[in-house]
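Have the structure open while you read.

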Amino acid sequence: QRTGNVSAGTSSFSMIVLEKELSRPYEMIDMVTTPDGSPVAMVHCNNCTSDLNAWVNLFKEYQELLGIPVNMDEIYGKLYNIALTGDADCGGLLSYNYISGEPVTGLAEGRPLFVRSANDKFNLANFMRTHLYASVGVLKIGNDILFNEEKVKVDRITGHGGLFRTKGVGQRVLAAAINSPISVMETAGEGGAWGIALLGSYLVNNEKKQSLADFLDESVFVGDAGVEVSPTPEDVAGFNTYIENYKAGLPIEEAAVKFK
């Protein structure tokens, strides 16, 4: 209880282990359980890094055009880190990363869009920052219900998935989005197959007949809580401004979906 995790890759989801049941059903939130039966509130988003990756690949093509050897980890590292120097609210820039529809925002189909006005602060840092924000924007909208309306409390959230491959950047963005400290372990990029292997190990190697929670604490993680990044007031305020602009601009996405 009072812990959670966020998976952020091609799609994203958050899972918060609850102290008590939610006060009522929410269309945006799925109720599931942990393997040992504890209630979990899950926010699932169809879109996360696919559009972001497409933009990074565009910069890769430009680098190849210049005849510069390509190292994708370096490209991601440079572009992600320059994003951290941008304005906390992305300078007014908006991105809708909807490769497919997004139930949380009520869209059955999607059209990837980058949106700006002539007066916005259009530079590389803000451009990359808005795409990073967009990757967890819908996740924030869903989790705001848990934190603001249901007053759910969490002590620790662990991030895993491709968004966290570049150290510190996706972590800082997610911390700002959900206004919570985010921990990332060395195994953050391993994915679901690693989690299934842990459950298999629990069944095969649990000589002490421990509960799953105790087995994970004592035999797997053994005090390794990962590296934690806490949100800054400036980042949180900036993301909140961004998400209000994002929600106000959703009719642009809705209009784009009408064009085949």
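Which residue caps the N-terminal end of α3? In this predicted model, that's Asn123, with a side-chain oxygen sitting 3.3 Å from the backbone nitrogen of Ala125.

Helix α3 itself runs over residues 124-149 and spans 36 Å from first C-alpha to last, close to the 38 Å expected. Along the way, α3 bends by about 40° at Val136. After the helix comes Lys151, with a positive phi near 55°.

What about its surroundings? Of the 26 residues in α3, 22 are buried, so the helix is largely enclosed by the rest of the structure. The largest nonpolar core has 57 residues, and those touching the most other members include Leu132 and Leu163. α3 gives the most to this core, with 12 residues. Leaving aside neighbours within four places in sequence, Leu163 is in contact with Leu132, Ser135 and Val136, among others.

Now the charged pairs. The structure holds 11 salt bridges, including these:

| Glu149 | Arg24 | 4.0 Å |

Asp235 lies in helix α7 and Arg172 in helix α4, so their pair ties together parts 63 residues apart in sequence. Asp235 is buried, at 3% relative accessible area, while Arg172 is partly exposed, at 28%. Salt bridges that share partners also join Arg2, Glu19 and Asp155 into one network.

Note on methods: Residues numbered from 1 in each chain as written. Predicted model: local features only at pLDDT ≥ 70, side-chain atom pairs only at ≥ 80, totals over all residues. Heavy atoms only, no water. Helix = DSSP H or I, 4+ residues; strand = E, 2+ residues; numbered from the N terminus. Expected span 1.5 Å × (residues − 1). Bend = angle between axes of the 7 residues up to and from the residue. Buried < 20%, exposed > 50% of the residue type's maximum accessible area, 1.4 Å probe, protein only. Polar contact = N/O pair within 3.5 Å; in protein donor to acceptor, adjacent residues only side chain to side chain. Core = buried A, V, L, I, M, F, W, Y, C linked by side-chain atoms within 4.5 Å. Contact = heavy atoms within 4.5 Å. Salt bridge = Lys/Arg side-chain N within 4 Å of Asp/Glu carboxyl O.
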